[in-house]
Amino acid sequence: MKRISTHILDLVQGKPAANVPVRLEKQNSVGNWHSLSSAHTDQDGRCPQLLPEGDDLSVGVYRLTFDTGSYFKLRKIGALYPFVEVTFQVQEGESHFHIPLLLSPNGYTTYRGS
C-alpha cells in the first residue's frame with residue numbers, strides 16, 4: 001500500500017504528542033503548494049495514512065506542516081516554533097514514507113523512518 005505517515009514524540013514529556021494538527025501538501029510544476037489532506041495525530045501521536053484514499057504516491061516534492069504552536073499552547077508551554085515544516089522528495093518507485101518528528105518547545109528533529 002502506498003502511504004505517507006508520521007508520528008510525533010514529545011521529548012520533554014517522553015510521550016506521544018496527541019491531537020497535533022498535520023497538513024500534507026504537494027508542490028506543483030510551477031512551485032505552488034496544493035493541499036492533499038489534513039489530520040490530527042491520534043492518542044499514540046500517529047497519523048498512519050495522510051495520502052488521500054485513491055491518490056497515488058507520485059514523484060514530486062511534498063511538505064508536512066505540523067501545528068506545534070497549538071499543541072504547546074494547550075499545555076501552557078511557550079515554544080519557539082509555532083509550525084514545523086518538513087519538505088521531502090519522492091522518487092520514482094518509492095511507495096512508503098514515514099516521517100517521524102521528535103519535538104520539544106525549543107527544538108525538533110526529523111528523519112525518514114520505516
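**Exercise 1. Describe the surroundings of Thr-6, beginning with the residues with which Thr-6 is in contact.**

Solution. Leaving aside neighbours within four places in sequence, Thr-6 is in contact (heavy atoms within 4.5 Å) with Val-22, Gly-45, Arg-46, Cys-47, Leu-50, Leu-64, Phe-66, His-98, Ile-99 and Pro-100. This is a predicted model, in which local features need pLDDT of at least 70 and side-chain atom pairs count only at pLDDT 80 or more, while totals for chains, interfaces and linings use all residues. Residues are numbered from 1 along each chain as its sequence is written, and side-chain values use heavy atoms, with hydrogens and water left out.

With a relative accessible area of 1%, Thr-6 is buried; buried means under 20% relative accessible area, exposed over 50%, and partly exposed in between, for a 1.4 Å probe and protein chains only. Finally, a polar atom of the Thr-6 side chain lies 2.4 Å from the backbone oxygen of Ile-99.

**Exercise 2. Identify the residues with the most contacts inside the largest nonpolar core, and the elements that give two or more residues to this core.**

Solution. A nonpolar core is a set of buried Ala, Val, Leu, Ile, Met, Phe, Trp, Tyr and Cys residues joined through side-chain atoms within 4.5 Å. The largest one has 23 residues, and those with the most contacts inside it are Ile-4, Leu-64, Phe-66 and Phe-88. Two or more residues come from each of β1, β3 (21-27), β6 (60-66), α1 (68-74), β7 (84-90) and β8 (96-104). Not counting residues up to four places away in sequence, Phe-88 touches Ile-4, Gly-60, Val-61, Tyr-62, Arg-63, Leu-64, Phe-97 and Ile-99.

**Exercise 3. Work out how Arg-23, Glu-25, Arg-63 and Glu-85 are linked in a network of salt bridges.**

Solution. The structure holds 5 salt bridges, each being a side-chain nitrogen of Lys or Arg within 4 Å of a carboxyl oxygen of Asp or Glu. Start from Arg-23, which forms a salt bridge with Glu-25, the closest N and O atoms being 3.6 Å apart; Arg-23 is partly exposed at 32% relative accessibility, whereas Glu-25 is buried at 9%.

Glu-25 also pairs with Arg-63, with the closest N and O atoms 2.9 Å apart. This pair links distant parts of the chain, since Arg-63 is in strand β6 and Glu-25 in strand β3, 38 residues apart.

The remaining step joins Arg-63 to Glu-85, with the closest N and O atoms 4.0 Å apart. Because Arg-63 lies in strand β6 and Glu-85 in strand β7, the pair ties together parts that are 22 residues apart in sequence. Arg-63 counts as buried at 14% relative accessibility, while Glu-85, with a relative accessible area of 45%, is partly exposed.

**Exercise 4. Find the rings over which Arg-63 and Arg-112 lie.**

Solution. A charge sits over a ring if NZ of Lys or CZ of Arg is within 6 Å of the ring centre and within 35 degrees of the ring normal. The charged end of Arg-63 sits over the ring of Trp-33, 4.0 Å from its centre, and Arg-112 lies over the face of Phe-97, at 3.9 Å from the ring centre.

Note on methods: Polar contact = N/O pair within 3.5 Å; in protein donor to acceptor, adjacent residues only side chain to side chain. Helix = DSSP H or I, 4+ residues; strand = E, 2+ residues; numbered from the N terminus.
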